[in-house]
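I begin with the terms and then go from one boundary to the next.

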Amino acid sequence: MSGPAFRSTPLLDADAVEAGIAGVAEGIRRRHPDGPLAVVGIHTRGVALADRLAQRLADRSPPPDRGALDISLYRDDLDNLGTIPTIRSSDIPFPVDGATIVLCDDVLFTGRTIRAAVDQLIDYGRPACIELAVLVDRGNRELPIAATYTGHTLDTARTDHIAVRFRETDGEDAVVLLRPEEAGS
Amino acid sequence: MSAAAAPLPRRKDLLDIESLAPEEVVQLLDTARPFKELFTRSVKKVPALRGKSVLMLFYEPSTRTKTSFEIAAKRLSADVTNFAVSTSSVVKGESVLDTVETLQAMKVDYIVVRHSSPGVPNLIARHTRASVVNAGDGHHAHPTQALLDAYTLREVLPDLAGRRVLIVGDILHSRVARSTSRCMHKLGMEIGYFGPGTLVPDTRPDFARGFTSFADALAWKPDVVYLLRLQLERMHASFIPSLREYHTVFGVTPARFRQIRDAGIWVMHPGPVNRGVELVDEVMTYERSLINQQVENGIATRMSVLYSLQPVTEARADDEGAGP
């Protein structure tokens, strides 16, 4: 890969990531002790988070349904994309009408991805409610959107690049801050 | 990043298959898959092209291709306008470029063109910022038909490399034969042609192998037989003695159908079918006939094409000095 080199600073280690996911799972369990529930991940790392949450909630009755969304077709910036995004399959294998859905993503930033995901879910049917679970809320919202369950809250600058890494997708659990290397450094 | 190759830049127009790199063909086909998945949802529409306008500029009659493009554009939430050519000033002698200038002023984002003269879509593309999609120009090209054919075949044969397709029929008059065979060749297939001697072009691309009888062609063991439509409206008596003779020599007769079925060969046809000419009725209900899937896949493939192209926006034109 070309482009600027990034200096990476660790923000959260594997234990903190695991604790964050556990906290989110606990929050979901408290709010929904029983009854049907679905966890839907936003590609790519939201799907990994949804899978982890589903594992932790597998002893609920009934165990949560799982789904995945690729929001590419609901983005508001197609005009600015110079390359064709690779669209992965969206998979919602349960009836959305009347469902209680916890939407999952790794990072909550501007809120635009969540806006797109909510629009997309509603095109599958009319859920009873949609909640939002994120591992990291890094602030800097551009839309009036808030998470229902948050693993960690991080104070970041708009220009920072926050990367969440999951075992399933990246081989390790971590959250790191990436900043472009300054020229000559 | 996944293991996928680096993303490809978006192109402005889709005019033919020839100018596409094999990986662009693959990307257009891969992108069609999530669009097809939409068709099982209650809301079959996505907002990807909301606020964009698509103009259908058909200088030649077409029902199927035009409807397919219209549905594709509407499922992407674009606004669709039909430019009724026969009732417009074209009949008063307005040139194609005059028409395009008018359309340019209407600020359309995509133009879908069909014309009886080869090269008209290219001409239009050079003179407009809109993305131009060739929906068939004379005998030259019909790229979206080729893509939907390849997409349909990939659903049943995921790896086309080394597979064989036999194209049967009126190759000289067929933009489908040109585009589809090129597209399948780019995906690594071997191409065979069998058609009326007078109709098989001398300019048959060198990657294609010619046959002089249906029996020889079937002995080549194709995986797919692609039957071209005999274009009755373009036919003149001189090319073919009679429809009955065409059927006997080049058509899928009951005897040939049994051979095809026994060998498990897939059958394709771009439609509409002339029953009793290119094929007998039983082929339509054959479990390895892909003819109906081709129609459904046409919409998904055209959605992929419209979604993947990138018109020149005013801002970018000013930046880059592009556009007219």
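**Entry 1. Terms and conventions.** I take contact to mean heavy atoms within 4.5 Å. The model is predicted, and I required pLDDT of at least 70 for local features and pLDDT 80 or more for side-chain atom pairs, while totals for chains, interfaces and linings use all residues. Residues are numbered from 1 along each chain as its sequence is written, chains are lettered from A and ligands numbered from 1 in the order in which they are written, and side-chain values use heavy atoms, with hydrogens and water left out.

**Entry 2. Chain B against chain A.** I looked up the contact between the chains: 23 residues come from chain B and 20 residues from chain A. The buried area (accessible area, 1.4 Å probe, that two parts lose on being put together, summed over both) is about 2000 Å² here, with 56% from carbon and sulfur atoms. R10(B), R41(B) and Y307(B) supply 29% of what chain B buries against chain A, more than any other three residues.

I then asked how many salt bridges lie between chain B and chain A. The count is two, where a salt bridge is a side-chain nitrogen of Lys or Arg within 4 Å of a carboxyl oxygen of Asp or Glu. R41(B) pairs in this way with D123(A), with the closest N and O atoms 3.7 Å apart.

On the side of chain B that touches chain A, the elements giving two or more residues are α1 and α10 of chain B. Helices (H or I, at least four residues) and strands (E, at least two) are DSSP runs, numbered from the N terminus. The most comes from α1(B), with six residues.

**Entry 3. The two domains of chain B.** An automatic or database domain assignment sets the bounds: domain 1 of chain B is 22-142 + 297-315 and domain 2 is 143-291. Their C-alpha centres lie 27 Å apart. The contact takes 28 residues from domain 1 of chain B and 25 residues from domain 2 of chain B. I noted a buried area of about 2200 Å² between these domains, 59% of it from carbon and sulfur atoms. In domain 1 of chain B, L29(B), H139(B) and H142(B) lose the most area to domain 2, together 34% of what that side buries.

Three salt bridges are counted between the domains. I also recorded the salt bridge of E60(B) with R175(B), at 3.5 Å, N to O.

**Entry 4. Salt bridges elsewhere.** In chain A, R112(A) and D76(A) form one, with the closest N and O atoms 3.1 Å apart. The two are 36 residues apart: R112(A) is in helix α3 (residues 112-124), and D76(A) is in the loop between β3 (65-69) and β4 (100-108) of chain A. How accessible is D76(A)? D76(A) is partly exposed at 43% relative accessible area, and R112(A) is also partly exposed, at 35%. I use buried for under 20% relative accessible area, exposed for over 50% and partly exposed in between (1.4 Å probe, protein chains only).

In chain B, K12(B) and D13(B) meet in a salt bridge at 3.1 Å, N to O. D13(B) counts as buried, at 14% relative accessibility.
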